[in-house]
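Thanks for asking for a second pair of eyes on this one.

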Amino acid sequence: MSNASGNPKTALITGITGQDGSYLAELLLEEGYFVHGIVRRSSTFNTDRIDHIYTDPHNADARLFLHYGDLTDGQNLTNLVLNIEPDEIYNLGAQSHVRVSFDNPVYTVQTTAVGALNVLEAARQLNRKKPTRVYQASSSEMFGDVLETPQTEKTPFQPQSPYACAKVYAFHQTVNYRHAYDLFACNGILFNHESPRRGETFVTRKITRAATRIKLGLQEKLYLGNLDAKRDWGYAKDYVRGMWLMLQHDTPDDYVLATGETYTIRQFLDYTFEHLELDWKDYVETDPRYFRPTEVDLLLGDYSKAKNVLGWEPETSCKELAQLMVDYDLELARNEAVRATIAQGKSA
Ligand code: NAP
Ligand code: F7E
């Protein structure tokens with residue numbers, strides 16, 4: 001992929017160490033981009049999801065570069081953006097856990113709302129010298145206590161958590177920067193998307209990790225909260241292609257990415273445990289700790305606009321998604337079982 005000057009395109013990704021950031025980095029490298037990512041300093045390594053694509057930056061053929069930074073540090077973001085001069089900026093960084101946002105509302109707003117504004121400000125400054133494009137990771141959580149079903153780009157927002165309120169702020173600022181400063185800025189309103197790289201405290205991955213450990217005798221019970229909520233679950237790898245397509249289009253706009261199907265947590269449990277020839281009702285118990293002060297009961301997206309304008313469609317069904325996550329996690333559990341057996345042998 002080349003820019004207007006005929007050089008390979010350069011992209012900057014915030015949240016590159018997360019689920020989506022890692023898949024997007026892979027896609028952009030495949031498309032020939034130079035990819036820069038912002039990584040938070042941590043006392044333990046937090047780059048597991050991208051270690052397989054990282055090469056020594058001193059190598060002449062290196063195309064992935066990492067920089068320390070934080071969304072709450074606007075000066076640092078501006079310096080990075082002005083130095084790197086990316087053709088495209090993908091703002092995927094966020095405190096992304098809805099339940100945690102009730103415990104840490106102020107931090108969630110600083111990262112997810114003000115952090116997005118910091119990215120837009122940095123982009124606005126670069127855009128005065130050189131055109132740049134911004135993708136903002138907006139969320140179906142903004143629909144909250146939904147006012148219509150299915151939800152489209154025109155459905156009003158009714159957020160139900162500090163996380164969702166922060167994302168609504170970031171959504172509107174993205175539209176505002178598009179109108180006020182003529183910045184090429186797009187919101188992807190993405191419905192839940194999962195993968196073997198999903199954080200282990202989100203419900204799908206929590207289920208597939210636990211079910212595979214139960215299958216191998218490493219765990220006895222799985223404690224969950226509300227099993228009746230319905231979600232429109234897609235595969236993260238399909239969704240990062242949609243993000244990229246938004247920034248390749250002639251004009252900036254906002255798009256829903258979804259599958260158009262919705263399932264309860266119970267149905268996801270069915271798909272997972274059936275694939276392992278187990279019955280989840282023998283293992284799952286409720287723990288009120290996982291209930292939320294306010295819940296989003298039903299999400300179901302209509303992705304017609306993305307299909308018609310961008311040619312984007314999801315390729316993976318919820319059942320296929322559950323199965324591919326189980327297959328991956330079963331391998332992890334097998335390795336864990338082998339390590340446990342070796343450790344037992346050493347102590348015998
Ligand atoms: P994720 O796995 O939780 O990744 C979040 C990323 O943000 C991580 O790289 C994290 O770094 C980084 N981050 C957190 N706080 C930061 C800070 N203060 N400064 C810089 N980076 C920070 O999330 P994801 O599932 O990939 O989602 C990507 C984006 O899409 C998020 O903005 C999320 O809110 C949004 N979204 C997700 C979904 C979904 O279903 N997955 C749906 C709609 C929208 P560490 O690795 O150091 O923690
Ligand atoms: O919860 C219920 C929970 O945490 C899904 C984020 O990526 O998608 C994600 O947010 C549902 C909720 O995802 C447990 O109450 C039951 O109804 O996997 P989740 P989420 O809250 O939908 C949106 C689109 C984003 O933007 C977010 O960044 O599952 N549930 N029992 C549980 N959820 C969790 N986490 N853990 C449980 O034990």
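1. Let me begin with ligand 2. In this predicted model, 22 residues surround ligand 2, and the closest are Ser96, Ser139, Tyr163, Arg292 and Glu295. By residue class, this shell divides into 8 nonpolar, 8 polar and 6 charged members.

2. Which polar contacts might you want to inspect for ligand 2? On the side-chain side, a polar atom of Asn192 lies 2.9 Å from an oxygen atom of ligand 2, and an N or O atom in the side chain of Lys206 is 2.8 Å from an oxygen atom of the ligand. The backbone takes part as well: a polar backbone atom of Gly225 is 2.8 Å from a nitrogen atom of ligand 2. On its own, ligand 2 has 700 Å² of accessible area, and the protein covers 95% of that.

3. Now for ligand 1. Here 25 residues form the surroundings, with Thr17, Asp20, Arg40, Ser96 and Tyr163 the closest. The shell around ligand 1 holds 8 nonpolar, 12 polar and 5 charged residues.

4. An N or O atom of the Thr17 side chain is 2.6 Å from a ligand oxygen, while for the Arg40 side chain the distance to an oxygen atom of ligand 1 is 2.8 Å.

5. Which elements give two or more residues to the shell around ligand 1? They are helix H1 (19–30), helix H4 (105–129), strand E5 (133–139) and helix H5 (162–181). Strand E5 provides the largest share, 3 residues.

6. Away from the ligands, have a look at the packing. The largest nonpolar core has 59 residues, and Ile13, Leu28, Val35, Tyr90, Tyr135 and Leu269 touch the most other members. Helix H7 (residues 236–248) gives this core its largest share, 7 residues.

7. Beyond its neighbours within four places in sequence, Leu28 is in contact with Ala11, Ile13, Tyr33, Val35, Tyr90 and Trp244. There is also a second, separate core of 17 residues, including Leu12, Val81, Ala122 and Tyr177.

Terms used. Residues are numbered from 1 along each chain as its sequence is written. Chains are lettered from A and ligands numbered from 1 in the order in which they are written. This is a predicted model: local features need pLDDT of at least 70, side-chain atom pairs count only at pLDDT 80 or more; totals for chains, interfaces and linings use all residues. Side-chain values use heavy atoms; hydrogens and water are left out. A nonpolar core is a set of buried Ala, Val, Leu, Ile, Met, Phe, Trp, Tyr and Cys residues joined through side-chain atoms within 4.5 Å. Buried means under 20% relative accessible area, exposed over 50%, partly exposed in between (1.4 Å probe, protein chains only). Helices (H or I, at least four residues) and strands (E, at least two) are DSSP runs, numbered from the N terminus. Contact means heavy atoms within 4.5 Å. A residue is near a molecule or strand if one of its heavy atoms lies within 4 Å of it. A polar contact is a pair of N or O atoms within 3.5 Å; within protein, one must be able to donate a hydrogen and the other to accept it, and residues adjacent in sequence count only if both atoms are side-chain atoms. Accessible areas come from the Shrake-Rupley method with a 1.4 Å probe; for residues, only the protein chains shown count as cover. Ala, Val, Leu, Ile, Met, Phe, Trp, Tyr, Cys and Pro count as nonpolar, Asp, Glu, Lys and Arg as charged, and the others, Gly among them, as polar.
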